[in-house]
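User: I would like to go through the terms used for this model and see what stands behind each of them.

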Amino acid sequence: MGWVLVQDRVNVGFVCLVMMVWGVGGIGVNWGTQSTHPLPPDTIVRLLRENGFQRVKLFDAEYDTLRALGRTGIEVMVGIPNDMLATVGGSMKAAEKWVAKNVTQHINSNNVNIRYVAVGNEPFLETYNGSYLGITFPALRNIQAALVKAGHNNQVKVTVPLNADVYSSTSGLPSDGDFRANIHDYMLTIVNFLSVSASPFTVNIYPFISLYSDPNFPVEYAFFDGNASPINDGGTLYSNMFDANLDTLAHALQRNGFADLPIIVGEIGWPTDGDRNGNIEYARRFNQGFMSHISGGRGTPMRPGPIDAYLFSLIDEDAKSIAPGNFERHWGIFTYDGQPKYPMNLGTTNSGALVPARGVQYLQRKWCVMKPSAKLDDPSVAPSVNYACSLADCTCLGYGTSCGNLDSRGNISYAFNSYFQQNNQLDEACKFPNVSMITKTDPTPIGGTCKFNIMIQPYYGSAERRFGVLLEVSVGRCTEILWEKWDYCCTLNL
């Protein structure tokens, strides 16, 4: 029962039902921009619209992203990153300046339908060791005051997206839910403020993390097929982790006098790579199951009725930190270039299928691979692979991943090509000493799940300036720092 809180085909006629269930807001999705080669914002916004997404949650307030959302009617939640909490929480002037630049300007000049400001992102994660405990509420309070001063308080609400580890249950049953003891006072301060300001509580729920963290977690309990042995909580049966987890929060709110506080599920999804349980089939099963689970509007035992939720996430992000796990770069229901990963019916398109991004511009059809004449025991191979993986993305390599069945030469070529593509196919990015070459023959193995990608044309907006590609490369050497930080590459089958 402790697993409750382990956390760190519909037809066209169904469209109307879905729209009634979701209400004015519609289906939500998270749009992250931590990519070396992000699709242009206009392309992403067209992707959102053609797939019927009516709500989008952002992790910052990047100008080009918000501008592209203007005049679309899509409801927007803009974000204030954790590293800005101290600034806006410590200065009312800074908070007012942030609201003027990132809310008022876009509402008034670009007609962006901003409805929420997310103050921080999971700031109370236990892994942060309390770094944001004292500054989250001041930031929330100042941003709310700035919104009121700017006249937005009726349209724009504040919230704090929190991980489900802010609450727990001593028995593992939802009915014993309460906020974590070491942050209980902080949580009550925030919850009371949200209640007074008519704002929602936002929580991120990830059954995948439970499965990833605990090898004994019952797999079926993560999904919505009703195959799991249910948990009996005083006569209330829970056959999936999502319902039990959300109701644990509902009980925690009720226990502390806030039974009616609205709840938004800020993130929920399943990754498709980077881990043996992060795969296409599980992701399709989970996300489609979740959509079907909430489509009837019945909610959970404690919170019957429609559930407001944002799928995580829209598109893969190859520049995300992999500190939590290699799966972090693979949460998208679309690939890096806006192509659907698997069949999924959101109930929002006439075909019942996901619509791919249009007009995507790719680099040339060429790849960087290991020379056929190069030897596996060449002393430059290991440091070259480590260098490539440290600056590119090798998270599709390893046990149980999409490219986990490559042989040694395949692993090496995949690493080289990842670095080559992320550096816009510069000749200098395929000059690993004596062991690499550029080819126009696709090295992707026939059959199987592994693909040697060709990168898309770089977008030079402000998001690209944050995660800019390397324009100068130096290969054939590997500093001690790189060896220490990226030694997981050394575990590949070289």
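**Terms and the values behind them**

Analyst: Asparagine 424 sits in the loop that links helix 12 to strand 15 (436–439). The model is a predicted one.

User: Why is asparagine 424 called buried?

Analyst: The relative accessible area of asparagine 424 is 17%. Buried means under 20%, so asparagine 424 with its 17% counts as buried.

User: What is said about the phi of asparagine 424?

Analyst: Phi of asparagine 424 is near 60 degrees, a positive value in a residue other than glycine. Glutamate 122 is also a residue other than glycine with a positive phi, near 50 degrees.

User: Where is glutamate 122, and why is glutamate 122 said to be buried?

Analyst: Glutamate 122 belongs to the loop between strand 4 (114–119) and helix 6 (133–149). Its relative accessibility is 11%, and the cut-off for buried is under 20%, so glutamate 122 is buried.

User: How do you know that threonine 272 is buried, and where does threonine 272 lie?

Analyst: Threonine 272 has a relative accessible area of 9%; the limit is under 20%, so the word buried applies to threonine 272. Its place is the loop between strand 12 (263–268) and helix 10 (280–295).

User: What makes the pair threonine 272 and lysine 341 a polar contact?

Analyst: The side chains of threonine 272 and lysine 341 are joined at 2.7 Å. A polar contact needs N or O atoms within 3.5 Å, one able to donate a hydrogen and the other to accept it, so the pair at 2.7 Å meets the distance limit and is listed as a polar contact. Leaving aside neighbours within four places in sequence, threonine 272 is in contact with residues including Asn279, Ala283, His330 and Tyr342.

User: What is found at the start of helix 10?

Analyst: A side-chain oxygen of asparagine 279 comes to within 3.3 Å of the backbone nitrogen of glutamate 281.

User: How does the reach of helix 10 compare with what is expected?

Analyst: Helix 10 has 16 residues and spans 22 Å from its first C-alpha to its last, close to the 22 Å expected at 1.5 Å a residue. Among its buried residues are Ala283, Phe286, Phe290 and Ile294. Glycine 297 follows helix 10 and has a positive phi, near 75 degrees.

User: Why is glycine 325 called buried?

Analyst: Glycine 325 has a relative accessible area of 5%, and buried means under 20%, so glycine 325 is buried. Glycine 325 is in the loop between strand 13 and strand 14. Glycine 325 and glycine 274 are 51 residues apart in sequence, and their C-alpha atoms are 7.5 Å apart in space.

User: What is noted about the peptide bond from phenylalanine 312 to serine 313?

Analyst: That peptide bond is cis, with omega near 0 degrees. Serine 313 lies in the loop between strand 13 (308–311) and strand 14 (367–370).

User: Which residues touch the most other members of the largest nonpolar core?

Analyst: In this core of 135 residues, they are Leu48, Leu69, Trp98, Val117, Ile143 and Phe201. Helix 9 (residues 241–255) gives the largest share, seven residues. A second, separate core of five residues includes Met77, Ala118, Ile264 and Tyr310.

User: What lines the second largest pocket?

Analyst: The lining has 35 residues, and Asp273, Asp316, Thr335, Cys396 and Asn453 lie nearest the centre. Helix 12 (residues 408–422) supplies the largest share of the lining, five residues. The pocket has a volume of about 850 Å³.

Technical notes: Residues numbered from 1 in each chain as written. Predicted model: local features only at pLDDT ≥ 70, side-chain atom pairs only at ≥ 80, totals over all residues. Heavy atoms only, no water. Helix = DSSP H or I, 4+ residues; strand = E, 2+ residues; numbered from the N terminus. Buried < 20%, exposed > 50% of the residue type's maximum accessible area, 1.4 Å probe, protein only. Contact = heavy atoms within 4.5 Å. Expected span 1.5 Å × (residues − 1). Core = buried A, V, L, I, M, F, W, Y, C linked by side-chain atoms within 4.5 Å. 1 Å grid on protein atoms, 1.4 Å probe; cavity = no way out; pocket = protein on both sides within 12 Å on 5 of 7 lines; lining within 4 Å. Points joined across faces, edges and corners; volume = space filled by probe spheres on them.
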